[in-house]
Amino acid sequence: MSVPLVAITTTVLDAAALASAVSAAGPGLGAVTTFVGLVRDHNVGRRVHFLEYEAYDAMALGVMDVIRAEAAEHWPGIRLGMHHRIGRLEVGEASIVIAAASAHRADAFAACRYAIERVKQILPVWKHEHFEGGDVWLEGATVHPDDAEARRKAYAIACA
Amino acid sequence: MRVTIRLFARLRDLVGQTEFTREIAAPATAASVWQVLVDEYPAARDHERTMSVAVNATYARLTTPVEDGDEVAFLPPVSGG
């Protein structure tokens, strides 16, 4: 079964499978990096019990493709994939996996970092934090993909 | 014309519905759809400064034109990853 390069899924994520998928392009590749985001047991002083993620699925898949296209502009030839899990996630579980493959390690590291920074800015996914004593919708960024300043910031972080 | 409205996260909880249709006078923009929503749910107005807008599952602006059958979504600040 082939692994899609972008996905929103309720099932357990598999970073190795995504790394294989982006590396399948051929012998010209010299590096693959992966990023795995985990559910942490604390946030701003609160003891986190679990998270519930929700996505605007159809839009999120389109935004993932936008991020892939942006990365291809910055790092020609990059092979980038990302899977985001939604639904209830327990502490320690992976919420997102990103994999980037390239001829050289610098591009693979940078594209992977760029992708997670753009996810934080523009991917239509929300986390509902259930903590000791209550629950809250976390609210992060409001960024339009065409906002050049936000994109430049993500690129600067990726290349730092 | 009829437009489908999609809401997510805190905005969805506030209104109590995630997907519903409303009759909107043509010609319309995403702002016209938002106005119909806040007329019905005045508390939603607080989200206007911080929300994003999508038309047919693509990032848009409040000034984006809306046609019959379109899906218009209002998104609280995203927090994925």
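**Sheet, helices and interface of chain A**

User: Which strands form the open sheet of chain A, and in what order?

Analyst: In this predicted model, 4 strands of chain A make an open sheet, ordered S1-S5-S7-S2, with mixed pairing. Strands (E, at least two residues) and helices (H or I, at least four residues) are DSSP runs numbered from the N terminus, and two strands pair if DSSP finds at least two bridges between them.

User: Which strands stand at the edges?

Analyst: Strands S1 (6-9) and S2 (31-38) of chain A do; each has a single partner strand, so one side of each lacks a neighbour in the sheet. On average, neighbouring strands of this sheet are turned by 10° against each other, direction ignored. Axes here are lines fitted to C-alpha atoms, for helices over the stretch in contact, and angles run from 0 to 180 degrees between N-to-C directions.

User: In what sense do S1(A) and S5 pair, parallel or antiparallel?

Analyst: S1(A) pairs with strand S5 (residues 79-85) of chain A in the parallel sense, over 4 bridges. A:Thr9 has A:Arg85 in S5(A) as its bridge partner.

User: Which strands does helix H2 touch?

Analyst: Helix H2 (residues 57-74) of chain A packs on the sheet and touches S1 and S5 of chain A, its direction making about 150° with that of S1(A). Contact requires C-beta atoms, placed from the backbone, within 7 Å.

User: And where does H3 lie?

Analyst: Helix H3 (residues 105-122) of chain A lies across S2, S5 and strand S7 (94-102) of chain A, at about 145° to S7(A).

User: At what angle do H2(A) and H3(A) cross?

Analyst: Their axes come within 10 Å and cross at roughly 140°. H2(A) and H3(A) are therefore oblique to each other; angles under 35 degrees count as roughly parallel, over 145 as roughly antiparallel, 65 to 115 as roughly perpendicular and the rest as oblique.

User: Which residues of H2(A) meet H3(A)?

Analyst: A:Val63, A:Ile67, A:Glu70, A:Ala71 and A:His74 of H2(A) meet A:Ala111, A:Tyr114, A:Ala115, A:Arg118 and A:Ile122 of H3(A).

User: Changing topic, how many residues of chain A are in contact with chain B?

Analyst: 26 residues of chain A contact 19 residues of chain B. H3(A) gives the largest share of the chain A side, 4 residues.

User: What are the conventions?

Analyst: Residues are numbered from 1 along each chain as its sequence is written, and chains are lettered from A and ligands numbered from 1 in the order in which they are written. Because the model is predicted, local features need pLDDT of at least 70 and side-chain atom pairs count only at pLDDT 80 or more, while totals for chains, interfaces and linings use all residues.

How values were computed:
Contact = placed C-beta atoms within 7 Å.
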